[in-house]
Amino acid sequence: MQNKLEMIRQYAKEKLGSDRSGHDFYHVERVAKIASRLAEQEGVKDQAIIVAASYLHDVIDDKVVADVATEADELRIFLTDLGLSEGEIEEIFYIIENLSYSKELEAGKAQLSLAGQIVQDADRIDALGAIGILRTAYYGGHTQSPLYDPNVAPKRFTTKQAYREKSTVINHFYEKLFKLPETMNTLAGKEEAGKRKTFMEEFLKRFYEEWDI
Ligand code: ADP
Ligand code: NI
């Protein structure tokens, strides 16, 4: 499996290498590392599906690729050619098609396996902390959103479409990011997410001080 995981890593690198929305290869590489650490803390012995799904979780995401169905077909063929079993492929697809926050807004929380729960936690942890702050600002630039507007209040979203409409970067902290710690599946994930949220709150305190100087 080690060799197969390296091939999967290379596939993700090829697909995400040129992403400029904050979902590049280094994002999925960090998610794989965070997920692997959470898996150890949860006592999971075989991490192959977790690592594979971490690398592939944004390869068929509508934020990142233009044609989701074509990318999904290509990925299925790639994994079949690599020699993964039908069951393994289904497990990976179920995880990467159901872990996203936007999906959860529409469909409610998916019943993920422990492997899926760990990848979801890892993806959400990488949306928080110092890296989370930068990724959010970077994504805001990508979608031509303002950094901040004191006259625009944060909203509550219930549909993916509304969630995808432009917001300010700072509002995104309240609209999504600060809600993430309570959605964590694992204890270790919740703890790390909480620490990162605290850092972001400190950052915002300074931000408002500087804004109102
Ligand atoms: P998911 O892939 O789970 O649906 P998102 O669509 O929220 O998650 O995208 C992941 C990351 O992209 C977020 O954590 C954030 O950094 C950035 N992002 C998404 N939407 C916005 C937004 N409206 N403003 C700023 N950043 C955003
Ligand atoms: Ni991601």
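I take buried to mean under 20% relative accessible area. The model I am reading is a predicted one.

**Entry 1: the nickel site**

I looked up what holds the nickel ion (ligand 2). Its protein donors are H27 (NE2), H57 (NE2), D58 (OD) and D123 (OD), at 2.1 to 2.5 Å. Along the sequence I noted the spacing H-x29-H-D-x64-D for these donor residues. H57 and D123 link distant parts of the chain, being 66 residues apart. I found H57 in the loop between α3 (48–56) and α4 (68–82), and D123 in helix α7 (residues 114–125). I then checked accessibility: both H57 and D123 are buried.

Which geometry does the site have? I recorded it as irregular, with angles of 81 to 168° among the 4 donor atoms. Tetrahedral is ruled out because that label needs all angles between 85 and 135 degrees.

**Entry 2: the largest pocket**

I read off a volume of about 840 Å³ for the largest pocket. It is lined by 42 residues, and those closest to its centre are H23, K63, Y163, R164 and K176. Several helices give two or more residues to this lining, among them α5 (86–98), α6 (101–107) and α7. The largest share, 4 residues, is from α8. I sorted the lining into 12 nonpolar, 15 polar and 15 charged residues.

**Entry 3: the second largest pocket**

Here I noted about 310 Å³ of space. Of its 14 lining residues, I34, R37, I125, E192 and R196 are closest to the centre. The elements giving two or more residues are α2 (25–41) and α11 (187–211), and α2 has the largest share with 6 residues. I counted 5 nonpolar, 1 polar and 8 charged residues in this lining.

Definitions and conventions:
Residues numbered from 1 in each chain as written. Chains lettered and ligands numbered in written order. Predicted model: local features only at pLDDT ≥ 70, side-chain atom pairs only at ≥ 80, totals over all residues. Heavy atoms only, no water. Donors = N, O, S within 2.8 Å, 3.2 Å for Na, K, Ca; no water. Tetrahedral: all angles 85-135°; square planar, octahedral: opposite > 155°, others 65-115°. Buried < 20%, exposed > 50% of the residue type's maximum accessible area, 1.4 Å probe, protein only. 1 Å grid on protein atoms, 1.4 Å probe; cavity = no way out; pocket = protein on both sides within 12 Å on 5 of 7 lines; lining within 4 Å. Points joined across faces, edges and corners; volume = space filled by probe spheres on them. Nonpolar A, V, L, I, M, F, W, Y, C, P; charged D, E, K, R; others polar.
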